[in-house]
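Trainee: I would like to learn how to read a few features of a protein model. Please take them one at a time.

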Amino acid sequence: MFILQRRSMKYSFTLVLLMISLITKAQSPLDTRLDDLYFGNLHQVLSLIEKQKQVKFDYDIARIEAIDVNERPMNEKLGSMMKRLCEANKLKFYVDKDNVIHLIDRWESQDNAVALNQKTYHGEPTRRNFSLSGKVVDVTSQEPLPFVSLSIRGTKLGSATNVDGFFTIHHVPADTCAVDVSYIGYKRQLLYLTPEMKLSSLKIDLMPDMVELQAVTIQGEKQELLEANNQAGLLKLSPRRLANLPNLGEKDILRSFQLMPGISAANENSSGLYVRGGTPDQALVQYDGFTVYNVEHLFGFFSAFNSNSIKDVQLYKSGFDARFGGRLSSVVEITGKEGDRKEFNMAADLSLMSANAFIEFPVGEKFSSIVAFRRSWQSPLYNKIFDQFTSESSEPEKSVTNSRFQRGGSTDISSYFYDLNTKLTWHPNASDAYAFSFYKGNDNLDNSVSPMGGGGGGGPMGGGFSNFSMENNDLTSWGNTGASLKWSHHYNSSLYSNMLLSYSNYYSQRDRTSSGSYTNEDDETISIRRGVIEENNLKDFSLKADFEYNLTSWFRFDFGAQGTFNDIDYTYKQNDTLTVIDRSSSGATLCGYIQSNIILDSARLRVTPGLRYNLFTPTSGHYFEPRINSSYQILPWLKLKASAGKYYQFARRVIREDILQGSRDFWVLSDNDKLPVSSSDQLAVGFSLENKDLLFDAEVYYKKLYNITEYSLRYTFNPKEVDYEESFYTGNGEVRGIDLLLQKKSGKFNGWIGYTLGQVVSRYPDFGDYDFYASNDVTHEFKIVGSYQWKNWVFGATWIYTTGRPYTAPEGGYQLTLLDGTTVDFINVSVKNGMRLPDYHRLDLSATYNFKISNTVPVSVGMSLFNVYNRANVWYKEYEIIENQIIETPVYFLGFTPNINLTIKMK
């Protein structure tokens, strides 16, 4: 009995010990009781708790050291105190399987913290107050990434990569800090530094933020299509995510910008940018450093840029840097892809509009290359757009052909556009890079009528005329050619330079004539040619040198010099004897600039003052452009921003007003006579409210425009009495408005709502002593953009509403007989732009399905529905004068138009 009792007690004691052991092992470290006074920074407090309670923490020391703690827990659980501290400092914590407590920022996901942000070094720092420099690249292709944002966790220190991916951050507190790296279209990265890293030549790999197939989880702060809160007037788009938006056959970078507040979407037939009351020629568009003077394909329905060849794009709505010049309104800076430096890759897009393909590949270990080509094909969709934009103007003007010549024969319409991008990059070492970039885009339209003729016996002219033949020409061609050669050199962690030599050529040719011959009664052969011939040719030769000098963590100095030589010809002929305009001009613009980036008040205040100097040889004038851009971070969620500056433009596109058949435009160079140098004074002030989910941004802007020019022939003159060069008119203008943006940045559903209230007013003394609304004035613009991700599907929708644009209408016409018996037609017009077109609005929808073939080849199949409810939006109005009566005919934009597209990639 005693033995049994002893055995029972032994088993009971063992069971109690086992239960205590299990309970102790299962107890979470968060249940640890605290009863002490804790004060100092959070790193000191947690280190003390580790020693007292044998609890282990993992966190970014630099981030945690910046948090002050004064706690007096009374038998309180550690988890309770941690929750209180995290809520007050935008942190969160979790416990891993080894009972280690991890502290991370609130925006980080727990999975990312383990997979991407794993801290491997837990010792003390070995270096302090040093300069961190390196390069940020795409992890899949090893391409350098421009304009990436980097910041040191727990500090106000930060920087951004330059156009070639290099960065420098001075005065980094320790070599155990964490670097927060973010870039639109890529996953946010948190990199923990260790003493073993090469901190003077650090390479950071970023992973594209692609759609994950089968299972999609979106947590925390997610980089989306639009980024709009870095500085006043700056917008960034991710070329990788353009497919999420509805489109009509093409992923279009400039069309996507038109969905932003401050950039007009009221002109459906123009992919050019009307930014804050400016015109497309007032927007500087640069692709790999060379200027692109025409950005349109297919009558403006598509932009000239292939999105498959674009790596990064930034748009400055105002306040652009001093290194940019020669434009009044805005800047679009496009950086092309360099090509995959690791392995061969290719992709192809096919839609009802065009075929698009690119290949990229390494050449050895130091070269990379990319070739992208796009060409339209005459599908039913292409023909629909073509017919819409040519049906009203496919017939030659009524003045082209004498009424006795009837249009006949057959028409074999030929129309297409294409563009080619190629780039070759050489990285001989870590400090140098050489890049050659080439672009060519072209549109061709042949709507001519094959010859008609007649033999003897009178023919169509009657009487004794014979051997009559007539051909109606309708040929239009326009395009761009551009190339640049760039050398980038990284001297040290502080000094960087770019040298660039570039060439650009824009050309436009239009031949709408009727030509032929006939034999008269005297057996003489008479040649005939009537109609309109128009040619515009612009050449640009440029040399640039840009330098960046990072002196300290709070001061960067930029400086450089540029030289551009322009040669511009424009000819406008009516019939074969009358030359209306024949201008040939050339000249050089020599520039120098300085600019500093100053960071003050613990990195809350950022000021970028700059000065640009221009010497323009055709006028021998000196032009100074002072500029400033600034922002002040009042609170973590509240930022104030402002910009101001003076801007000059020397080469510009002049509108040739045509009341009856629609205005056209052409490029010219300023002079001291009829085309004075244009200029503008600008001011923009705004604020933004932002957290990890939402952004509200508001900016008020004002511009004063000087020496803007139009060319007008308001009636048919007697060519023997008129100097057509006198028909250039110069005036001034004012622009004012407000842009509002509300953006949802994260989650499966994201997008934005944009609104612009604007006014563009001009005054031309020769038009009358009154102000009038400019042709690009749009009072209200309202835009809604949404994207929803569900499994392998991405759904998109956009809705646009704008008030009508102003236009000038004829009020009557009459005919006068001169003393010599000839007649001249005159028209009476309304007040300049005194009428307005009806309001414009449309809804576009899209759906894209992403999958993989054999789990290796990514494929996307998409459908877009353009103008879903088939709104009849008026493009412009045409007029005819028949027996002194005005006949009005509205010309409409596209109605409901569906499209499908297919994309296949190797990776």
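Trainee: Is Asp523 buried or exposed?

Mentor: Buried means under 20% relative accessible area, exposed over 50%, and partly exposed in between (1.4 Å probe, protein chains only). Asp523 has a relative accessible area of 65%, so the residue is exposed. This is a predicted model, where local features need pLDDT of at least 70 and side-chain atom pairs count only at pLDDT 80 or more, while totals for chains, interfaces and linings use all residues. Residues are numbered from 1 along each chain as its sequence is written, and side-chain values use heavy atoms, leaving out hydrogens and water.

Trainee: Where is Asp523 found?

Mentor: Strands (E, at least two residues) are DSSP runs, numbered from the N terminus. Asp523 is in the loop between strand 31 (495-519) and strand 32 (525-552).

Trainee: Which residue in the loop between strand 12 and strand 13 can I look at?

Mentor: Ile184 lies there, between strand 12 (178-182) and strand 13 (189-192). Ile184 has a relative accessible area of 4%, so this residue is buried.

Trainee: What does the side chain of Thr897 reach?

Mentor: A polar contact is a pair of N or O atoms within 3.5 Å; within protein, one must be able to donate a hydrogen and the other to accept it, and residues adjacent in sequence count only if both atoms are side-chain atoms. The side chain of Thr897 reaches the backbone oxygen of Gly895 at 3.0 Å. Thr897 belongs to strand 55 (residues 897-905) and, at 1% relative accessibility, is buried.

Note on methods
Helix = DSSP H or I, 4+ residues; strand = E, 2+ residues; numbered from the N terminus.
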